[in-house]
Each structure stands twice: as structure tokens, then as C-alpha cells.
Amino acid sequence: MRKRTTRRGVRKTGTSGSRKAVKAAKKADKKAAKAIRKGEHGRITPGNAKKIIGVAKVVVPVITPFAIHAVSVARERYERMRAHRLGVPVDQLGSFTGRGAALHARIAGDGEALRELREQSASGEAAVAEQYAERTAARLAQLTSAVRAAERMPAQRRKSAHRAVDAELGQIEDDLLGRFGVARPRR
């Protein structure tokens, strides 16, 4: 079988794709060598800066709304997660900040439970429930002050104060559950 000939002679063998790749690689090498000779390799030049600004003028207005939306969605999810972890509604999340936020949220929840206990107590038990609620509300106020004061303490002292408040809240919550008629959890 004969090879086809062109005006210049024998036709080259091989695929045209590999020839194009070799040619493109040579062209890129020449461009890189030229940039190195000029001293522009790896530097920002006025030409490169103009190209970047031109691209930014087109891309930034398109991407900005998506970025703002993504940030707001991420923040909303984070706030929902924090509110869920503290056991409070999202709109009350701002009331419980700092390192003692979880304790403040528990104290607020116990205060709500005391108000419900006052409302639900029968007429015969109303006086006893009222006395208990007053004593416990005063103790919760003291615990709130203790948590607030612990915010300014060194880390080790703050943690021990928070553990003490946590233990007292556990006792108060156990007692509240007993007064609501719920069996106390075994420890």
C-alpha cells in the first residue's frame, strides 16, 4: 500500500491530536520563557492587574447575591443549632450569652416551671406550693447572680462555680419534677 503524498512530499504519520498537544505545549513553554526573560514570571504586572479587574467587574456582581444568601443561611442554621442546644426559642437566644449561657437558660426554664407550679397547684396545696416557689425563686436569683459573677473569674474557678451551680440546679429540677408528680430519675 502506498502512502499518500502531498505537494510537499510524504505525509506525516501519527494522530493529529498528539501533534496539536505538542504544538500547544511548545507555545506555552515559549510564553513562560518570555515572561521569565521579562522578569514578569510570578509577579503582578499592570497587564495582569487589568485582566483581573476586568474579570472581577463581571464576576463579583453575579456572585455577591449568592454569597450573601449563603452567609445568611449559614448564620440562621448556626443560631437554630445554638437555640436547640440551649433549649430556648431562637428569638430568646440573645438573652443567653457568654460562657454560662446554658446555665442561664436552665435557670430561666426552672423559673417558668415554678410559675406553672403556682398556677397548677390545688387550693389545698396552694400555700405549700407558694412557699416552695418563693424559696426556690430566691435560690434561682442567687444562682443567676453566681453564674453572672463567674463570667469574670479565671477559667478554673469559673468551671468549678459552673459545676456547683449545675449540681444545685439538678437538685432543684429533681424536686420540681417530684412536685409535678413525675418520678425522680435514678442516678
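**Notes on the helices of a predicted model**

1. Buried residues account for 19% of the 187 residues in the protein. Please keep in mind while reading that this is a predicted model. The protein exposes about 15100 Å², and carbon and sulfur atoms supply 56% of that area.

2. On the overall layout, the protein has 5 helices and 2 strands. Among contacts between residues at least 6 apart in sequence, 52% join residues at least 24 apart.

3. Let me turn to H3 and H4. Helix H3 covers residues 101-120 and helix H4 covers residues 126-150; their axes come within 10 Å and cross at roughly 170 degrees. How are the two helices oriented, roughly parallel or roughly antiparallel? An angle over 145 degrees counts as roughly antiparallel, and H3 and H4 are therefore roughly antiparallel to each other. The handedness of the H3 and H4 crossing is left-handed.

4. The residues behind this contact are worth a look in the viewer. From H3 come Leu-103, His-104, Ile-107, Asp-110, Gly-111, Leu-114, Leu-117 and Arg-118. H4 contributes Glu-130, Tyr-132, Ala-133, Glu-134, Thr-136, Ala-137, Leu-140, Leu-143, Thr-144, Val-147 and Arg-148. Sorted by class, the contact of H3 with H4 holds 10 nonpolar, 4 polar and 5 charged residues.

5. Thr-144 lies in helix H4 and has a relative accessible area of 15%. Buried means under 20%, which is why Thr-144 is classed as buried. With neighbours within four places in sequence set aside, Thr-144 is in contact with His-104 and Ile-107; both of these H3 residues are also listed in the contact of H3 with H4.

6. Next, the loop between H3 and H4, where Ser-121 lies. Not counting residues up to four places away in sequence, Ser-121 touches Ala-126 and Ala-129. Which residue is 58 residues away from Ser-121 along the chain, with its C-alpha atom 9.4 Å from that of Ser-121? The residue is Arg-179, and Arg-179 also belongs to the H5 side of the contact between H3 and H5.

7. That brings in H5. Helix H5 spans residues 155-179, and the axes of H3 and H5 come within 11 Å, crossing at roughly 20 degrees. Angles under 35 degrees count as roughly parallel, and H3 and H5 are therefore roughly parallel to each other. The crossing of H3 and H5 is left-handed.

8. By class, the contact of H3 with H5 has 9 nonpolar, 2 polar and 5 charged residues.

9. Is Gly-109 buried or partly exposed? Its relative accessible area is 36%, and Gly-109 is therefore partly exposed. Gly-109 and Gly-87 are 22 residues apart in sequence, while their C-alpha atoms are 8.6 Å apart in space.

Definitions and conventions: Residues numbered from 1 in each chain as written. Predicted model: local features only at pLDDT ≥ 70, side-chain atom pairs only at ≥ 80, totals over all residues. Heavy atoms only, no water. Axes fitted to C-alpha atoms, helices over the stretch in contact; angles between N-to-C directions. Helix = DSSP H or I, 4+ residues; strand = E, 2+ residues; numbered from the N terminus. Parallel < 35°, antiparallel > 145°, perpendicular 65-115°, else oblique. Left-handed = near helix turned anticlockwise from the far one by under 90°. Contact = heavy atoms within 4.5 Å. Nonpolar A, V, L, I, M, F, W, Y, C, P; charged D, E, K, R; others polar. Buried < 20%, exposed > 50% of the residue type's maximum accessible area, 1.4 Å probe, protein only. Areas by Shrake-Rupley, 256 points an atom, 1.4 Å probe, with all protein chains shown as cover.
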